[in-house]
Amino acid sequence: MNNIKVSIPCDVIALIFLYLGVFYFNVGWVPVLAGSYLAARVASQMVEVESLKSNLFAAKEEEDILNKTVTETITSFNSITEDAEFFKSSLDAIIDIQTMSVVCPCGKNAFDAPVFLNHDNPFTCEVCRSKFKVTLTPDTVVQTEAINIANIYDSLKEKASEVQLS
């Protein structure tokens with residue numbers, strides 16, 4: 001069996017009671033009061049429904065704002081994390097370039113450590129416990145081009161043979 005449910009809105013029922021009370025029944029005020037009560041209740045429920053709708057809409061807007069804020073915060077965090085990783089890898093590369101073998105003056109201990117130009121670079125030997133520092137001083141050197149000695153030898157040989165021929 002099919003159960004068919006019919007739902008009649010409360011405001012329609014209120015109008016029916018008002019109509020019946022005023023036009024068909026001469027009972028007087030009973031149907032009119034029942035219809036008035038139902039109409040007032042429908043009106044208050046409609047106000048409550050509208051209030052709930054506006055609250056739901058406001059809550060949805062607030063949720064959208066919070067979701068947007070969370071998304072922007074996560075994006076910002078990811079960007080900061082990427083920048084920090086890039087900075088760390090750049091710093092690691094600089095330290096790798098500046099790392100050199102350091103030998104204590106006692107000659108019994110050698111280790112790799114970053115050494116920087118124009119910095120004291122203090123160290124303590126783990127073997128003799130003496131404190132020392134490594135200084136780097138920039139020196140200037142004349143830069144020359146590499147020459148091929150075989151070409152020079154061949155060139156001198158040719159000149160020597162020319163001198164002998166003349």
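## Ground rules

Helices here are DSSP runs of H or I with at least four residues, strands are runs of E with at least two, and both are numbered from the N terminus. The model is a predicted one: local features need pLDDT of at least 70, side-chain atom pairs count only at pLDDT 80 or more, and totals for chains, interfaces and linings use all residues. Residue numbers start from 1 along each chain as its sequence is written, and side-chain values use heavy atoms, with hydrogens and water left out.

A salt bridge means a side-chain nitrogen of Lys or Arg within 4 Å of a carboxyl oxygen of Asp or Glu. By that rule, there are four salt bridges.

## Pairs along helix α2

Let's start with Asp64 and Lys60, whose side chains form a salt bridge at 3.4 Å, N to O. They sit four residues apart in helix α2, so about one helical turn separates them. Both ends are partly exposed (between buried, under 20% relative accessible area, and exposed, over 50%; 1.4 Å probe, protein chains only): Asp64 has 39% and Lys60 has 43%.

Lys53 and Glu50 make another salt bridge, with 3.6 Å from N to O. This pair is three residues apart in helix α2 (residues 29-98), again about one helical turn. Glu50 is partly exposed too, at 44% relative accessible area.

## A link from loop to strand

Asp120 pairs up with Lys133 in a salt bridge, their closest N and O atoms being 3.8 Å apart. Asp120 lies in the loop between β2 (110-114) and β3 (122-124), while Lys133 belongs to strand β4 (residues 131-133), so the contact ties together parts 13 residues apart in sequence. Asp120 is partly exposed, with a relative accessible area of 48%.
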